[in-house]
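Subject: Structure for you to look at

Hello,

Here is the structure I said I would pass on. Please open it before reading the notes under it.

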Amino acid sequence: MAAWRDGATVTVEIAFTNSPLTAVASCTWVDVTSSVRNWNIRRGRTSELSNYSPGTASIELDNRSRLFDPSNTAGAYYGNLVPMKKVRITAASGATSSSVFVGYILGWPIEYPGMVDSDRKSTRLNSSHSSVSRMPSSA
């Protein structure tokens, strides 16, 4: 995937075969970075008087091959495209690598852009935050 902040490389992984209670270190992670069209992480609060809300990630996957379509019985992940699968976004810079988001996928909705093209173009994953560690800043 393209470079992120300060030249860091981002990797997006999903634990398709693990249960939600499996420890992050014990998960079997599948790299889906090559299918990522866009991603966004939001956390914190909007003002000093607002309550803190859980961090969220939104990940848009290229689904033209129907790889991430839960109804595609011929898909490699068929049967594992269910809510509560773990997702991890990792940033690496040089020899340093750190998870910037670890959470659970809330669903596998399929978007039909413009409803003109019948091809299933993308799947947008919305994830709820579970834990995170920050990249060391370069002061």
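Below are the notes on the chain and its aromatic residues.

This is a predicted model: local features need pLDDT of at least 70, side-chain atom pairs count only at pLDDT 80 or more, and totals for chains, interfaces and linings use all residues. Residues are numbered from 1 along each chain as its sequence is written, and side-chain values use heavy atoms, with hydrogens and water left out.

The chain has zero helices and eight strands (DSSP runs, numbered from the N terminus: helices are H or I of at least four residues, strands E of at least two). Of its 139 residues, 37% are buried (under 20% relative accessible area, with a 1.4 Å probe and protein chains only).

A search of the whole structure gives three aromatic pairs (rings of Phe, Tyr and Trp, the last by its six-membered ring, with centres within 6.5 Å; planes under 30 degrees apart count as stacked, over 60 as edge-to-face and the rest as tilted). One of them is F16 with Y77, stacked at 3.9 Å centre to centre and 10° between the planes. F16 sits in the loop between β1 (9-15) and β2 (30-31) and Y77 in the loop between β4 (53-62) and β5 (86-93), so the pair ties together parts 61 residues apart in sequence. Both residues, F16 and Y77, are buried.

F16 also pairs with W108: the ring centres are 6.1 Å apart and the planes at 25°, so this pair is stacked. W108 lies in the loop between β6 (96-105) and β7 (110-111), so its pair with F16 ties together parts 92 residues apart in sequence. The relative accessible area of W108 is 8%, and W108 is buried. One aromatic cluster is formed by F16, F68, Y77 and W108.

Regards

Methods. Buried < 20%, exposed > 50% of the residue type's maximum accessible area, 1.4 Å probe, protein only.
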